[in-house]
Amino acid sequence: MLPVVVVHGGAGIVPRERSEKSTSGVCSAARAAYAILQGGGSSMDAVVEAVIQLEKNPTFNAGCGSVLNAKGDVEMDALVMDGKTLSSGAVSAVRYIANPIQLARLVMEETSHACLTAEGANQFAQAMGVPEIPQESLITEYSRMRWIKNLAPGANPVESQMGKMGTVGAVAVDSEGNISCATSTGGMLNKMEGRVGDTSCIGSGGYADNNLGAVSTTGAGEAIMKVTLARLILFHMERGQSVEAASDLGLAYMKSRVGGLGGVVTVDPQGHWAARFSSLQMVWAAAQKDTLHYGLYTGEHFTQSIDDQH
Ligand code: ASP
């Protein structure tokens, strides 16, 4: 069953014209991560590579393509967690960098802290030699269009977020049985300046523990934080539930208890995996035993050989 990687590209509704790009984006990210695992690489290297690819891809709400806050600026959140040591690293409300997930990893590896925010995160990026890039290079025509639409009186950015797919994440188990997760986002459309959601919060945006498994989440951040969705799912797995049942239980609780919709990718130490969501869609891809699995709508599950690019 090992190694395995599962990637998501956000819970919500993908506009038809973007569905192909979203699917091919997660599939190529899963392929790249799987190649690392097959070469004997670590699950941490694999999940970070998958997320870097998706941050670079303007189709997704992470890195380039991030949604804009109420002022029209990009503020990004990201989290990594290492299931062997339970070390984690996160950045929140960070600006002017291409790959927040790399900075989150540096927080984990190079500091004694678990999260750096806003200017402090940017100062750390500078100290680590991470290049600062102009904000314009993170903003797409599509994200600016969505921002303007949501400035209109009577607009509902939270609801409209469900139409803007895109937070990205990955979980993986490597051939040594080490488990990792990574999640990255531009956050919620037209959010208040300084708003930080679930993504960078350990236990909410993701969690990894070699003894239990790993989860990366997406969806309504404020709801995810209320139920600490990632850790809630691992709690159900701890009590003997399968990856699929535990994911569904966590998502169902979030929906019934606080009215939140979302999606998750989940693995256990044996390499069982699940991609589950309560939103209408979540684009996802998984790679295991030289097979690529992917889907977008509820119940959809396509497979192809990992070497087949079409
Ligand atoms: N969970 C993300 C946030 O609230 C958004 C998303 O997953 O679409 O920042």
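This briefing describes a ligand site, a pocket and several individual residues in one structure. The structure is a predicted model, in which local features need pLDDT of at least 70 and side-chain atom pairs count only at pLDDT 80 or more, while totals for chains, interfaces and linings use all residues. Residues are numbered from 1 along each chain as its sequence is written, and side-chain values use heavy atoms, with hydrogens and water left out.

**The ligand and its surroundings**

- The ligand is surrounded by 11 residues, the closest being Thr167, Arg195, Asp198, Thr218 and Gly219, where a residue is near a molecule or strand if one of its heavy atoms lies within 4 Å of it.
- This shell divides into 1 nonpolar, 8 polar and 2 charged residues; here Ala, Val, Leu, Ile, Met, Phe, Trp, Tyr, Cys and Pro count as nonpolar, Asp, Glu, Lys and Arg as charged, and the others, Gly among them, as polar.
- An N or O atom in the side chain of Thr167 is 2.8 Å from an oxygen atom of the ligand, whereas Gly219 places a backbone N or O atom 2.7 Å from a nitrogen atom of the ligand, and a backbone N or O atom of Gly221 lies 3.1 Å from an oxygen atom of the ligand.
- Of the 270 Å² of accessible area that the ligand has on its own, the protein covers 100%; accessible areas come from the Shrake-Rupley method with a 1.4 Å probe, and for residues only the protein chains shown count as cover.

**The largest pocket**

- The largest pocket has a volume of about 250 Å³, a volume being the space filled by probe spheres set on grid points that are joined across faces, edges and corners.
- On a 1 Å grid over the protein atoms alone, a pocket is an open set of points where a 1.4 Å probe fits, with protein on both sides within 12 Å along at least five of seven lines, and lining residues have an atom within 4 Å of a point.
- The lining of the largest pocket consists of 13 residues, of which Ala275, Arg276, Trp284, Gly299 and Glu300 lie nearest its centre.
- Helix H9 (243-258) and strand E10 (273-277) are the elements that give two or more residues to this lining, and E10 provides the largest share, 5 residues; helices (H or I, at least four residues) and strands (E, at least two) are DSSP runs, numbered from the N terminus.
- By residue class, the lining of the largest pocket divides into 6 nonpolar, 3 polar and 4 charged.

**Side-chain contacts**

- Ser92, found in strand E3 (residues 87-94), is buried, with a relative accessible area of 4%, where buried means under 20%, exposed over 50%, and partly exposed in between (1.4 Å probe, protein chains only).
- The side chain of Ser92 makes a polar contact with the side chain of Thr117 at 2.8 Å; such a contact is a pair of N or O atoms within 3.5 Å, and within protein one must be able to donate a hydrogen and the other to accept it, while residues adjacent in sequence count only if both atoms are side-chain atoms.
- Thr117 has its place in strand E4 (residues 115-117) and is partly exposed, with a relative accessible area of 43%.

**Backbone features**

- Most residues other than glycine have a negative phi, and most peptide bonds are trans.
- The peptide bond from Leu2 to Pro3 is cis, with omega near 0°.
- Asn190, in the loop between strand E6 (179-185) and strand E7 (206-209), has a positive phi near 55°.
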